[in-house]
Amino acid sequence: MSVFQVSPVMGQMMHQPLLISTIIEFAARHHGDSEIVSRRVEGDMHRYNYRDCHQRARRLANALHGLGVGMGDRVATLAWNGYRHLEAYYAVSGSGAVLHTINPRLFPDQIAYISNHAEDQVLLFDLTFLPVVEKIAASCQFVRHFVLLCDRDRMPDTTGIPDLLCYEDLIATHSDQYEWPLFDENAAATLCYTSGTTGNPKGALYSHRSTVLHAYAAALPSSLNVCASDTVLPVVPMFHVNAWGLPYAVPLCGARLVFPGAALDGKSLYELFEAEKVTFSAGVPTVWLGLLNHVLQNKLRFSTFRRTVIGGAACPPAMMDTLIDQFGVEVIHAWGMTEMSPLGTTGGLQAKHLALPRDAQRKILQKQGHAIYGVDMKIVDDEGKELPWDGASYGHLLVKGPWIIASYYKDEGGEVLRDGWFPTGDVATIDADGYMQITDRSKDVIKSGGEWIGTIDLENLAMAHPAVLQAACIGLFHPKWDERPVLVVVQRPGMTVSRAELLQFFDGKIAKWWTPDDVLFVDALPMGATGKIQKNKLREQFKGHSLV
Ligand code: ADP
């Protein structure tokens with residue numbers, strides 16, 4: 001369906017399709033010496049630069065061609081953040097095939113389901129995932145070639161995997177002479193599945209055009225603000241929504257890249273931040289929780305770390321305060337989702353906010369942020385009527401833009417758009433300055449006596465208590481009110497807080513009827529494949545808990 005309504009006089013500029021291959025070509029040619037450092041699963045550090053990366057990506061493109069991979073074929077990866085994964089990012093999409101990044105934290109059955117749904121022809125995987133691949137190889141009906149991302153000397157003697165190939169052997173036997181093909185920028189480039197907390201995972205099929213535009217937007221100063229003088233460490237995995245676009249946005253700016261591999265604990269991350277002089281990083285709140293705990297417990301300081309993007313789940317205000325006030329790290333709160341490539345909004349102040357007192361500024365930074373150019377958004381009520389941008393009215397958040405899906409892969413789930421807008425499944429407010437704040441996911445909102453209670457606010461408040469490490473708020477059945485909020489809490493090691501003390505902590509901070517009815521203490525919260533708390537599991541676990 002055409003989006004054009006009139007026939008204009010055409011401009012007279014060169015036509016150059018926005019293809020992913022142009023990013024690595026640019027980085028190799030104009031920032032060829034910029035370094036890419038990877039902590040390998042083999043345990044050692046690997047260093048090379050964009051020029052080397054480009055060369056090896058071209059070898060891989062030839063190798064894939066040799067394996068019979070053609071335009072539009074899916075090539076899957078099960079891999080950590082590292083240089084070989086980056087080579088696959090460019091070789092697969094650049095040659096016209098589709099890169100399908102699989103989240104290894106999914107259950108083996110889910111991985112096999114996704115691989116079959118995507119009809120993956122080749123699977124590239126890290127050594128860590130050998131046991132998983134051995135388990136699922138026979139169930140992956142379409143995979144013709146399994147490739148282990150390692151050197152010859154690491155190849156296992158026996159596996160249940162038919163004709164297992166060694167990545168380094170494979171690319172060594174192919175030439176680095178390769179011309180990236182030119183094709184329609186709307187061609188499919190990468191495929192990511194949503195984590196499928198409800199129902200089967202659904203695929204978001206990004207195009208070259210959407211990926212390049214998203215990378216441009218992500219790099220903007222009022223967005224993630226990447227520049228050539230940065231050393232960027234994406235903690236957010238390359239198997240989850242393309243690491244928020246950083247494997248494209250960082251080379252596009254020529255910045256230095258540091259990949260953490262599989263070591264995502266606080267100590268390993270801190271050591272890498274310091275050793276490699278990382279200036280900028282991005283990840284979900286649980287990752288920062290681990291890093292900050294390590295740094296605080298050991299009374300450490302960051303010597304180069306200046307800026308971080310936190311998203312994927314609400315950034316607790318207490319975490320933001322610690323990063324800014326104790327460590328001088330600027331925090332960019334970001335919101336998005338798999339269906340949005342993922343970036344939709346990013347936090348930051350506008351010129352008119354600079355004179356505001358600290359607390360007022362912090363309130364703004366705590367919101368999920370302002371739309372970035374390319375994304376439009378609105379909030380609507382249950383009937384679809386648009387609600388005002390007053391910072392108080394909350395409703396269903398809808399979005400549109402060139403890097404937001406129009407439909408799921410293979411039309412799973414049927415028609416998804418509503419009058420051209422994508423319903424995000426989030427409930428939010430938007431204020432007069434255009435800042436959006438997520439109240440909740442619609443499926444997590446608590447409906448108490450016909451009124452809605454947002455759980456994010458309650459969790460943020462609970463996590464401001466010094467003895468609370470993590471908190472999740474869920475709605476449990478109540479005979480009078482239908483649902484009431486209950487807090488599930490993990491206490492900070494060596495500290496305790498009682499139910500009564502914690503409930504008292506809410507006094508005067510929220511409307512009385514929002515106060516949770518109970519506090520349940522647990523040792524750990526169930527985490528999903530993308531590092532988010534699985535509230536559906538908690539609701540199931542505490543289903544029978546009586547609130548009267
Ligand atoms: P899933 O977990 O469904 O695979 P995504 O990673 O795509 O998927 O998650 C998208 C969802 O994560 C959003 O719809 C929103 O509910 C939540 N989310 C993302 N960023 C934030 C944020 N900064 N604050 C609150 N919620 C967020």
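In which sense do strand β8 and β9 pair, and over how many bridges? They pair in the antiparallel sense, over five bridges. The legends below start from this pair and then visit other parts of this predicted model.

**View 1. Strands β8 and β9 side by side.** Here we look at strand β8, which spans residues 188-193, next to its antiparallel partner β9. To find your place along the pair, look for C192, which stands opposite A204 of β9. Strands of a sheet pair through backbone hydrogen bonds, and the pairing may be parallel or antiparallel.

**View 2. The residues around the ligand.** The ligand has 17 residues around it, and those that come nearest are S195, A334, T338, D426 and K532. Sorted by class, the shell holds five nonpolar, nine polar and three charged residues. Strand β14 (residues 330-336) gives the largest share of this shell, with four residues.

**View 3. Polar atoms facing the ligand.** K532, one of the residues that come nearest, places a polar side-chain atom 2.5 Å from an oxygen atom of the ligand. R441 also has a polar side-chain atom by a ligand oxygen, at 2.9 Å. For A314 it is a polar backbone atom that takes part, lying 3.2 Å from a nitrogen atom of the ligand. How much of the ligand's accessible area does the protein cover? On its own the ligand has 570 Å² of accessible area, and the protein covers 93% of it.

View 4. The bond between S341 and P342 is a cis peptide bond, with omega of about 10°. P342 sits in the loop between β14 and β15 (343-346).

**View 5. The backbone at W244.** Our last stop is helix α8, residues 241-244, where W244 lies. Although W244 is not a glycine, its phi is positive, at about 55°.

Key: Residues are numbered from 1 along each chain as its sequence is written. This is a predicted model: local features need pLDDT of at least 70, side-chain atom pairs count only at pLDDT 80 or more; totals for chains, interfaces and linings use all residues. Side-chain values use heavy atoms; hydrogens and water are left out. Two strands pair if DSSP finds at least two bridges between them. Helices (H or I, at least four residues) and strands (E, at least two) are DSSP runs, numbered from the N terminus. A residue is near a molecule or strand if one of its heavy atoms lies within 4 Å of it. A polar contact is a pair of N or O atoms within 3.5 Å; within protein, one must be able to donate a hydrogen and the other to accept it, and residues adjacent in sequence count only if both atoms are side-chain atoms. Accessible areas come from the Shrake-Rupley method with a 1.4 Å probe; for residues, only the protein chains shown count as cover. Ala, Val, Leu, Ile, Met, Phe, Trp, Tyr, Cys and Pro count as nonpolar, Asp, Glu, Lys and Arg as charged, and the others, Gly among them, as polar.
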